[in-house]
Amino acid sequence: MKKIFALLPLFLMLVFAQQSIAQVVIGNQEYDIDYLTPKTYEIGGITFAGAENYDTRMILLIAGLQVGDEIRVPSDKLATAVDRLWKQGLFEDVQIYVTRIQDNKIFFEIELRSRPKLGGFRFNGVKKNDVDKIKEEMKIAVGDVVTENLLATSKNKIRAYYLEKGFTNIYVNATTEPDTISTSKEDRVIVTFNVKTGKKVKIDSIVFAGNDSIKSIKLYQQMKNTHDVHYVKKLRFWTPSFWKASKYQESKFDEDLESIISYYNEKGFRDARIVSDTVYQIPSDSLAKQDRLRVEVKIHEGNKYFFRNITFSGNTIYPTDMLSKHLRIAKGDPYNRTLLETNIQYNPSGTDISSLYMDNGYLFFSANPVEVGVENDSIDIEIRIVEGKQARIRNVIVEGNTITNDRVIMRELHTRPGDLFSRDAILRSRRELATLGYFKEESIMPDAKPNEQDGTVDIVYKVEEGNTSQIQLQGGYGSGMIIGQLGLTLSNFSARNIFNKKAWQLLPAGDGQRLSINLVSNGTYYYAINGSFTEPWLGGKRPQALSVSIYHNLYSNGYYYKKTEDRYYSLRLTGAGLSLSKRLKWPDDYFILSHSLSYKHYNLHNYPSSSLVFTDGDANDLSYGFTISRNSLDSPIFARSGSEVSVAGAITPPYSLMNGRDYSAASDQEKYRWVEYYKLNVRGSWMLNLVGDVVLNARVRFGWLGYFNNQIGVSPFGRYFLGGDGLASWMIDGREVVPLRGYDNNALSPDGGSSVFDRYTVEIRQPIIESASATIWVLGFLEGGNSWRDIRDFQPFSVYNSAGLGVRVNMPMLGLIGVDWGYGFDGVRGGSHFHFCIGQSID
């Protein structure tokens, strides 16, 4: 009978180190081992049990055991090996056996019992429309090792999902069962998540106590994430919280309590604090779909404080009077720490003290406001300034531009190596990069890396390429027909790489050129084909853009009649344009001056129209145009500040004055064989950030089409048509369609169009979503406008009025789309109307 000797010290060491998760035992042979004197062996071999699905070399590498290594018995090396394998989370049990000892060699067997892998998972108590969303949150997949951590994390994510939906009494457990269907040799299990959500919980009421100085409704409006079921009476519809459900989330509630205290601080109550907050469920009908909570918040306001004396120390570059002017805080103003720090460090208007220094190179400037005296309700402040020395830009670096060439980015930047550091120049550079439209706006992150020792700074612009290819889809309805548009716009095109396939990103890209191709048609009646190309930096050294365009349009009744039939009519328009634009330096570099030449050829065949005075023949339009514009909007998508103003004119040669001919008896075809006119269009749009993300947009438009000769009068081409959604671009008689919501298309112009118009718009905008994939905002508007046949009838404030609501969605691939409801008040084909918009069709 064989006697078993247990390696007791080694066994106990491993037992205590691993508790019940691993054992070390001896084989069933007699060995003479001196436990008091550890002996060194060479590992003669290692075998495995339960490791069929694993790379044994990797197991040995993790365990730290290799054949040929020396090992002392007993020692903690085996315990360490077990511990390392256990920590991988792949095994339920790890054991190391000594199988035999031969001379000075020892042989081991590593026995592993694997954790099961996930064969699948399912839900009980979860609605079908929630399953996919929960799966996306859980991020587990078939083949994952089923550990306690995996199950616990999955359950927590399920709870978090339902907490976000307004449930609070959530029960989740997970059960496992063998996967009897899987053909895999691995041990697999099916996990079932059992979910009980109970009723949705909404906040019935929020009650404040202790707020003697500030009304409860003002505090309620500071809570951006938490409100009760009576919110309609307390919140303004354009605020984000108005659109959120009245559910309770503890983390969001805590944020809102901090917002309340911040609001108190801004009003001068610097000692305000939350004494207590209590949330409890109130009794409800058992048949009710929701449970209700009552929230009680007790506040200690403290005393209201005011600024008294504000002094500066350490300032040698700028006098105290100038710093006080930029601080914009007067003696006696309510004490507002947030405003104080904002006007010192950074104010979006650029009037803070920090901008005064940093726009003049003082990158290492710092200012620290210190309370130096508190007496009764008054506080004295000393602003301690360290001016530092001026810093110059050493390197300008761009990172993340995987498509756009460096030179395309560098030419837009207002920071150059050797320049004095300027925070305003960095912010302006960021705006210019955003305006390009090549990068995701939220990814454009300028980073200043200063070196105070040598007084230099490196500026790093981090960008992430966006989608610069845009598919345009547009629909409109007018004159009994549906018009569709399909277009492709490449905003970051590279003409020089057309034949270089290595530079293609689906299409050649990276040089900042713009290529646009559009097809508009309803099938047989109408089609329009146009293409354009723009080089924004002609010659590569100066910001001057060259644009060329060509187009051909046809409008006819060819669906019903052949060209040889008498009742067939058509209007063809063929044209081309060339323009040259230049960025100016005066009055500032937001201005752009453009010159253009345009030629249009009209061919009419039996064409009936109230706006065109002849039905057969040809007309030619050769014109010179100029535009001076200024655009300082802070964002190309959802602007919060800045303006966009343009004055555009066009003029043709005054043919009738040059040839001296009497046109009183001339036919209409003779009068308009060469069209003559002069034209002026004025646009203005101003953005004002009212509060939070609420933006006021005020717009104005004016247009005037004049003539040189009374015997000829206003040109029948290029007139204005006011009213509707602005989508009636299928009319190809050169008309300008001016939208005015709340009225039918063209309803506010006389028959044949007008020669002068005006329009005024006021919009309130509130963003709902701002992300890389989409920007969505809602708006409310007031609008008014009118048009007249002759400039002598012009009355700028005699307008037709409307009001309404709308929503806009901007997506990288589709551009801007939206829908508005408007109500026209003045009865000329007004009333209730819905309007769709694509791009800037309603501007």
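This is a predicted model: local features need pLDDT of at least 70, side-chain atom pairs count only at pLDDT 80 or more; totals for chains, interfaces and linings use all residues.
The axes (lines fitted to C-alpha atoms over the stretch in contact, angles from 0 to 180 degrees between N-to-C directions) of helix 2 (residues 56-63) and helix 3 (residues 77-87) sit 8 Å apart at an angle of about 120°. Helix 2 and helix 3 are therefore oblique to each other; roughly parallel is under 35 degrees, roughly antiparallel over 145, roughly perpendicular 65 to 115, and oblique the rest. Ile59, Ile62 and Ala63 of helix 2 touch Ala81, Arg84 and Leu85 of helix 3, contact meaning heavy atoms within 4.5 Å. Helices here are DSSP runs of H or I, at least four residues, and strands are E runs of at least two, numbered from the N terminus.

Housekeeping: residues count from 1 along each chain as its sequence is written. Local features need pLDDT of at least 70 and side-chain atom pairs 80 or more, totals for chains, interfaces and linings use all residues, and side-chain values use heavy atoms, without hydrogens and water.

Next I checked helix 8 (residues 320-327). Which of its residues are buried? I found Leu323, His326 and Leu327 (buried is under 20% relative accessible area, exposed over 50%, partly exposed in between, with a 1.4 Å probe and protein chains only). They cover an arc of only 105° around the axis, which puts them on the same side of helix 8; the arc is that of the directions from the helix axis to the C-beta atoms. Asp321 and Lys325 are exposed on the other side. Among the elements covering the buried residues I noted strand 12 (306-313) and helix 9 (337-345). Just after helix 8, Arg328 has a positive phi of about 55°.
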